[in-house]
Amino acid sequence: MRLNLPEGEVPAMEPKPELDQFETYEAFHQKKEGTAYTYVGPVHAPNEDVAFLFAKEQYSRRFACTGLWIARTENIQVTPYGNDGENVYDTIQFDEPTQRSEQPEAYEIFHLKKRGKAHTYAGRVMAKSYPEALAEAKKAFGDKGPIVNVWVVKSKDVLQSAEEDKDMWTTIPEKKYREAIAYKVMDKITKYKEENKPTTAQ
Amino acid sequence: MYGGGNVFEATKFDDLQTEDPAKLEEFEARIARGEKIEPTDWMPELYRKQLIRMIEQHAHSEIIGALPEGTWITRAPGFRRKMAQMAKVQDEVGHAQLLYSAAETLGKSREQMLTDLINGKSKYSNVFNYPAYTWADSNIISWLIDAGAIVNQLANAKGSYGPYSRALERICAEEAFHLKYGHDAVVHMATGSPKQREMIQAALNRWWPPIMTFFGPSDKMSTHTETLMRWKVKMATNDECRQQFLDMYVPKIWELGLTVPDPNLKKNMETGQWDYTEPDWDEFKRVINGDGPCNAERLAVRRTAEERGAWVRRALLNPKAKYVRPLA
Amino acid sequence: MNELAIKDLLYKLADDQLILGHRNSEWTGFGPILEEDIAFSSMAQDKIGHSLAFYTLLQELGEADPDTVAFTRNANQFHNNQLVELPNGEYDFSLIRHFLYDNAEIIRFEMLSQSSYEPIAKVATKLKGEVKYHVLHANTWIKNLGSSTEEAILRLQSSLNEALPYALAMFENSKYEQELIDAGVYSGEDAVKAEWLKRIQTVIEKTDLKLPDLATIEPKFGGRYGKHTEHLQPLLDEMAEVFKIDPTAEW
């Protein structure tokens, strides 16, 4: 890129306006068919579709992937964090819901098993509100060892990659040029050393 | 690619007396138990501030660090180098994205961080204020700057803040490729034609002084530093990182018959430490404060990129959107 | 099967992607937002990877190795269309080019994955998923920006008008066109063009952009026969800059 950069002193840049970098979406990926979706990180994006485009390259370009989920950060409800080794379902308060839907809706539940690790998908529950979903989650998956944090999000707020688009990921394992293992130089070094052994005569 | 060398300018030491003693005790006990701190946990203001500062500098170093090598993408010789160079520079931009996100969980927006970068208010790794004149300079950066960064980042990945550790784990995995790629390119040059050898030696000569400053000057051991180490914000001293880097990489440079441009560089068998000529810390300070060969250009490039992309962001902005900090 | 016809097709495919991959790679570090920077770089890498795959097929047919072919020829030996060699301009032009090009490329890949010429069919089948993402990316951006602010719509419209004469020349027939069709290698550029038109229209209709009357546009032909704009040779020189320091060396 040939940029025509300004010469000389330049005035300070105006502070970036709010939302210049958009809002954030959280991404979850599936490493292998049949394994649980795992949290990989956020992307900044103007909407769900663009967030998908972004997350696909930021979070699934370097490692095997078979699927991707996207959820707007704002739509994910988070419990407080518990201590490692404990089960947060035992200590959280189940608040009275402020809003309730008429019919039960599907909610997706994610668990963090240990601080510093990544949230993984626990499963789906049906409920009329976030607190009820959390209570349902406790019944359904709450006895599975230490859980330090829970994320709850409505299924309709999760964009899931389509089955027929899985071929977008098929060539990743072949991109060896971005793997450390593709670079083997010991032969060259050994050969160089042999040809350039220091002579003892000096 | 970040060596941690900038953090030394201590911010004003906030008085911990103002923190709730019971919460502080609980916080310190959690870290002492080896548990990570997560975004919504209670934390002392000093911890938050120092982490934001450190992660933000790290993020800036990635995005600015993409520039010197980025100019070599179109010129990289042959398919193998070309694709690797592209993937490598892309990773640096990706790392910036991960790190800005980690800093955001602590409450500073990406907008604010980018503004502070462009207006020179927050720093980035000093080495990127030096130019990459030739393809060989780019190779030295890929190998030795990334090697230095890995030493620092592997240490920091064991730090106490969950989002930063998670980001660093991924960054280190990706940088393993950078390091091998850089080494591969340097080995090809060093064992190649006389012209190639000459190029790589010249690049090493240019880059050695900045590399020696990459981890920053010796730490002043203050209560401040001790607190940050107890809180597992700072995981190793600058000198520890530098010594570890010299231990791992000087032999690899020497085995290629290259010379390091420091006549005093040798391992001291009595102390087990490397002796070296003290880097020019006055130059370091001058450059980090803006007066280096490329400071103005690096920031101008970043600013131009932001300004040229502004119409795209304006067009897609949804005024009803609500910014929420990333979760983890 | 006439080997010259296959080689001509392979050169065309490979050169397009090599040049566009380089152009797109110039955005690395300069994208409008970090996430898009990363996505655009991935697609640039894919393009260069695709060109390598096709140069490798050429090598199997007796041509020189991919590095030599890609980095030592002069502009008049290149078979890419002129659209891909134009400078990046602003992001609107790069996006429009990406949209026009990849919507044609996916059709070629779909056709070639059914090719009677098995080596091409294999490569096209394997790489199709990547191009699918490129198209998804392009169409999503055009749909979003093309119905956003007046500023964005104006920019895209003017880039579209500027790019179309070059884009229409992507389908310039080769002298082996009928042979390739008859042998079932693929359905030929006119068929690609007809399908391309349908697809880009579908996307453009969802925006505030207008597709000009294509009958009034004179396509910028010549690229497939080695005729190029003044922009290609400087790019080729840049691509070979390090290589040429010592052409016998292993880099």
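# Briefing: chains A, B and C of a predicted model

In chain B, 80% of the contacts with a separation of 6 or more join residues 24 or more positions apart. The model is predicted. Chain B touches chain A through 50 residues of its own and 44 residues of chain A. Chain A also meets chain C, with 18 residues from chain A and 21 residues from chain C. Chain A has 3 helices and 8 strands, while chain C has 9 helices and 0 strands.

**Chain B**

- Chain B holds 12 helices and 2 strands.
- Along the sequence the pattern is α-α-α-α-α-α-α-α-α-β-β-α-α-α.
- The radius of gyration of chain B is 20 Å, which agrees with the value near 20 Å for a compact globule of 328 residues.
- The C-alpha trace of chain B spans about 65 × 60 × 35 Å along its principal axes.
- Buried residues account for 55% of the 328 residues of chain B.

**Chain A**

- From the N terminus on, the elements of chain A follow the order β-β-α-β-β-β-β-α-β-β-α.
- Chain A has a radius of gyration of 25 Å, but a compact globule of 202 residues would have one near 17 Å.
- Along its principal axes, the C-alpha trace of chain A covers about 90 × 50 × 40 Å.
- Of the 202 residues in chain A, 41% are buried.
- For chain A, 62% of the contacts with a separation of 6 or more are between residues 24 or more positions apart.

**Chain C**

- The elements of chain C run α-α-α-α-α-α-α-α-α from the N terminus.
- Chain C is as compact as a globular protein of 251 residues, because its radius of gyration of 18 Å is close to the 18 Å that the globule rule gives for that length.
- A box of roughly 50 × 45 × 30 Å, taken along the principal axes, is filled by the C-alpha atoms of chain C.
- Buried residues make up 52% of the 251 residues of chain C.
- In chain C, residues 24 or more positions apart supply 77% of the contacts with a separation of 6 or more.

**Where chain B meets chain A**

- The contact takes 50 residues from chain B and 44 residues from chain A.
- On the side of chain B that touches chain A, at least two residues each come from α3 (78-104), α4 (110-118), α6 (162-190), α11 (295-308) and α12 (310-316) of chain B.
- α6(B) gives the most to this side, with 11 residues.
- By class, this side of chain B has 21 nonpolar, 13 polar and 16 charged residues.

**Where chain A meets chain C**

- Chain A puts 18 residues into this contact, and chain C puts in 21 residues.
- β2 (38-45) and α1 (48-60) of chain A are the elements that give two or more residues to the side of chain A that touches chain C.
- α1(A) provides the largest share of that side, 7 residues.
- That side of chain A divides into 7 nonpolar, 5 polar and 6 charged residues.

**A helix pair in chain C**

- Two packed helices are described by the angle between their axes and the distance between the axes.
- Helix α1 (residues 3-25) and helix α2 (residues 34-60) of chain C have axes that come within 8 Å and cross at roughly 155 degrees.
- Angles over 145 degrees count as roughly antiparallel, so α1(C) is roughly antiparallel to α2(C).
- The crossing of α1(C) past α2(C) is left-handed.
- α1(C) contributes residues including Leu10(C), Leu13(C), Ala14(C), Leu18(C) and Gly21(C).
- From α2(C), the contact residues include Phe40(C), Met43(C), Ala44(C), Ile48(C), Phe54(C) and Leu58(C).
- The contact between these helices has 14 nonpolar, 7 polar and 2 charged residues.

**His119 of chain A**

- His119(A) sits in the loop between β5 (105-112) and β6 (120-127) of chain A.
- His119(A) counts as buried because it has 25 C-beta neighbours inside 10 Å, and the cut-off is 20 or more.
- Apart from neighbours within four places in sequence, His119(A) is in contact with Tyr39(A), Phe110(A), His111(A), Leu112(A) and Trp151(A).
- Val148(A) lies 29 residues from His119(A) in sequence, and their C-alpha atoms are 9.8 Å apart.

Technical notes
Residues numbered from 1 in each chain as written. Chains lettered and ligands numbered in written order. Predicted model: local features only at pLDDT ≥ 70, side-chain atom pairs only at ≥ 80, totals over all residues. Contact = placed C-beta atoms within 7 Å. Helix = DSSP H or I, 4+ residues; strand = E, 2+ residues; numbered from the N terminus. Nonpolar A, V, L, I, M, F, W, Y, C, P; charged D, E, K, R; others polar. Rg over C-alpha atoms; globule rule 2.2 N^0.38 Å. Buried ≥ 20, exposed ≤ 12 C-beta atoms within 10 Å, placed from the backbone. Axes fitted to C-alpha atoms, helices over the stretch in contact; angles between N-to-C directions. Parallel < 35°, antiparallel > 145°, perpendicular 65-115°, else oblique. Left-handed = near helix turned anticlockwise from the far one by under 90°.
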